Amino acid sequence: MLTIAQAELIVQRVLRCAAQDNLENNIAVAVADAHGELMCFTRRDNAPFPAAVLARNKAYTAARDRQASSSLGAWAKKTGKDMGYWTDDRITGIAGGVPVIVDGKVVGGVGVSGLDEWEDERLALAGL
């Protein structure tokens with residue numbers, strides 16, 4: 001189980017890593033529990049508005065689908081599946097969402113948005 005304290009720590013780690021490149025004010029960060037429900041969230045001052053929704057959806061996707069959102073997007077592209085295949089409008093294939101894994105079990109997801117999607121994923125991984 002992911003605790004609130006752990007979720008807050010993940011957010012702080014993401015922000016610290018982003019600060020090293022002066023990017024911390026341009027992102028939104030979300031942490032979800034194993035069901036994809038939001039536990040912790042921040043949208044920084046210069047983050048674009050859509051980043052807030054997308055960070056939450058990336059965390060949701062990583063938790064619910066038990067894989068990185070980028071992996072899901074790659075699979076959908078490879079198989080020709082539309083994201084509507086999941087019949088869940090919160091599922092996204094955009095990079096930046098990664099599962100939180102403890103002892104081999106997915107206990108949550110972290111999502112970062114506001115930058116290039118691969119930079120978002122790098123920061124999400126740094127939070128772990």
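**Around helix α3**

I began with what covers the buried residues of α3, and the cover includes α2 (49-65), β3 and α4 (117-127). Helices (H or I, at least four residues) and strands (E, at least two) are DSSP runs, numbered from the N terminus. Buried means under 20% relative accessible area, with a 1.4 Å probe and protein chains only.

A note on the source: this is a predicted model, where local features need pLDDT of at least 70, side-chain atom pairs count only at pLDDT 80 or more, and totals for chains, interfaces and linings use all residues. Residues are numbered from 1 along each chain as its sequence is written, and side-chain values use heavy atoms, leaving out hydrogens and water.

Which residues of α3 are buried? I found S69, S70, L72, G73 and A76. Seen down the axis of α3, they fall within an arc of 160°, so they line one face of the helix; the arc is that of the directions from the helix axis to the C-beta atoms. Just after α3, I noted G80 with a positive phi of about 75°.

**T92**

Next I looked up T92, which lies in the loop between α3 (69-79) and β3 (97-102). Is T92 buried or exposed (over 50%)? T92 is buried, at a relative accessible area of 9%. Leaving aside residues up to four places away in sequence, T92 touches L54, N57, K58, T61, S69, L72 and M83; contact means heavy atoms within 4.5 Å.

**The hairpin**

Last, I checked β1 (residues 28-33) and β2 (residues 38-43), which pair in the antiparallel sense over 5 bridges. Two strands pair if DSSP finds at least two bridges between them. A32 stands opposite L38 in β2. The hairpin has 4 residues between β1 and β2, and G36 in the turn has a positive phi of about 90°.
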